[in-house]
Amino acid sequence: MKFFIDTANLEQIKEAQDLGILDGVTTNPSLMAKEGISGYNKIMAHYKTICDIVDGDVSAEVIATDYEGMIKEGENLAALHPQIVVKIPMTKEGIKAIKYFSTKGIKTNCTLIFSAGQALLAAKAGATYVSPFVGRLDDISTNGLNLIAEIRLIFDNYGFETQILAASVRHTMHILHCAQLGADVMTGPLSAILGLLKHPLTDSGLAQFLADHAKTNK
Ligand code: G3P
């Protein structure tokens, strides 16, 4: 399973990249706003900086909601850097735009997926990635992980090449369950990725090893 980090924070992206396990980055307009990145030129420059830090795909979301606007914005984003994936919302216009980019060989990530039917449509339109939002479904008392399983079954039934990018991942158990269910990619915060490192028996075991070594190596 590929690991993407879901942030526009450069320090966190660098930290994950330095760990050596990062496969890409996802952003969205809220995450850009959280970092205080505003205005067309600054937003474009920020995406370019992220691409220069990481090796893999970087999702950059369109703001337009009409077909022509999405095409124009998406083409500008794709021209910015070969690692850019154009992130497009799951709407009727969005599906048309995904089909357009698919025929042009431009990678897309269909975002705001909350049902298997939406994922099926995006896959048929040729999306590179679909982003089912696990955490936001959990937020409304619906098991978000069930959606990952449903989409996996459908994509495997028909051999869709569209990758399942589990989004809105919030913690370590989401990551583990996504891996068990066969998500192709998960995107989550740095805290969830680093959380996988932790185990008290690792800490106490290492402390014991070092203490024993110190006793005989004075
Ligand atoms: O990038 C989309 C998604 O990952 C957002 O996550 O935590 O805001 O629901 P969250």
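Student: Where is H171 found?
Tutor: H171 sits in the loop between β7 (163-166) and α9 (172-181). Helices (H or I, at least four residues) and strands (E, at least two) are DSSP runs, numbered from the N terminus. This is a predicted model, where local features need pLDDT of at least 70, side-chain atom pairs count only at pLDDT 80 or more, and totals for chains, interfaces and linings use all residues. Residues are numbered from 1 along each chain as its sequence is written, and side-chain values use heavy atoms, with hydrogens and water left out.

Student: Is H171 buried, exposed or partly exposed?
Tutor: H171 is partly exposed, with a relative accessible area of 36%. Buried means under 20% relative accessible area, exposed over 50%, and partly exposed in between (1.4 Å probe, protein chains only).

Student: And how many residues lie between H171 and G195 in sequence terms, and how far apart are they in space?
Tutor: They are 24 residues apart in sequence, and 7.6 Å apart in space, C-alpha to C-alpha.

Student: Switching to helices: at what angle do α1 and α3 cross?
Tutor: Roughly 15°, and the axes of α1 (residues 10-19) and α3 (residues 40-53) come within 10 Å. Axes are lines fitted to C-alpha atoms, for helices over the stretch in contact, and angles run from 0 to 180 degrees between N-to-C directions.

Student: Which residues meet there?
Tutor: From α1, L10, I13, K14 and Q17 meet H46, T49, I50 and I53 in α3. By class, that contact of α1 with α3 has 4 nonpolar, 3 polar and 1 charged residues. Contact means heavy atoms within 4.5 Å. Ala, Val, Leu, Ile, Met, Phe, Trp, Tyr, Cys and Pro count as nonpolar, Asp, Glu, Lys and Arg as charged, and the others, Gly among them, as polar.

Student: Q17 then, buried or exposed?
Tutor: Buried, at 19% relative accessibility. Leaving aside neighbours within four places in sequence, Q17 is in contact with L22, I53, V54 and D55.

Student: How many disulfides does the structure hold?
Tutor: 0 disulfides, where a disulfide is a pair of cysteine sulfur atoms within 2.5 Å.
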